[in-house]
Amino acid sequence: MDKRRQLIHTAFNLFYQNGIHAVGINQILQTAGIAKKTLYHHFASKEELIQAVVEYRDENFYNWLASRLEQVKPGYDGLNELFDAVDDWMHNRVDVLTDFHGCFFINTCAEYNDTNHPVYLQCQEHKTRVNSLIKRQIRALGISESAIQYVTESISLLKEGAIVMAHVQGDLTAAQKAKAMTWIVLAAYIS
């Protein structure tokens, strides 16, 4: 792993476990075993490193979830797989995502409450990308075009709520509960 990638990977692990503002540059350098000069060769500031970390997690998470959904038929199977994937993540059965500490993007937005901040906007874009994967599953169900956005948002709320319930309240059955509720939401639109 090159030094830039090593810095991003180390910073992500520390940020995800402890929070972004709780982790200082010196802690990242010490954990990574990299000199400060090397850090500033790759990143002009901690803020630039944070943006690279958010991009790293976005790419990593999105690619993992897209890959899981590509392994099944879009629609019903894809929605089941969505919640099974989230369940696997919550139970630390997904090596590429590291141990579950809630949603990195939700956690990050809690630390960056300025909705125009570049880091906040990156997190928002991640959620939009993940919603596009959900929308693909909804569209495959053949429901009316006018209902697709509403149903996508409803399923997204169930997914996000399950992640928060697992993280904040320790309910590791939340993804399976949300999966069951998905069919209640869809019942109004499927004939």
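A crossing of two helices is left-handed if the near helix is turned anticlockwise from the far one by less than a right angle, and right-handed if clockwise. Helices here are DSSP runs (H or I, at least four residues), numbered from the N terminus. The model is predicted, so local features need pLDDT of at least 70, side-chain atom pairs count only at pLDDT 80 or more, and totals for chains, interfaces and linings use all residues. Residues are numbered from 1 along each chain as its sequence is written, and side-chain values use heavy atoms, leaving out hydrogens and water.

Let's look at one helix pair. Helix α5 (residues 76-90) passes α8 (residues 145-169) in a right-handed crossing. Their axes (lines fitted to C-alpha atoms over the stretch in contact, with angles from 0 to 180 degrees between N-to-C directions) come within 11 Å and cross at roughly 15°. The two helices are therefore roughly parallel to each other (angles under 35 degrees). In contact (heavy atoms within 4.5 Å), L79, L82, F83, V86, W89 and M90 of α5 meet I155, L158, K159, A162, I163 and A166 of α8. Eleven of these residues are nonpolar, none is polar and one is charged.

Now for the cysteines. How many disulfides does the whole structure hold? The search finds zero, a disulfide being a pair of cysteine sulfur atoms within 2.5 Å. For C103, the closest cysteine sulfur is too far for a bond. C123 is in no disulfide either.

Terms used
Parallel < 35°, antiparallel > 145°, perpendicular 65-115°, else oblique. Nonpolar A, V, L, I, M, F, W, Y, C, P; charged D, E, K, R; others polar.
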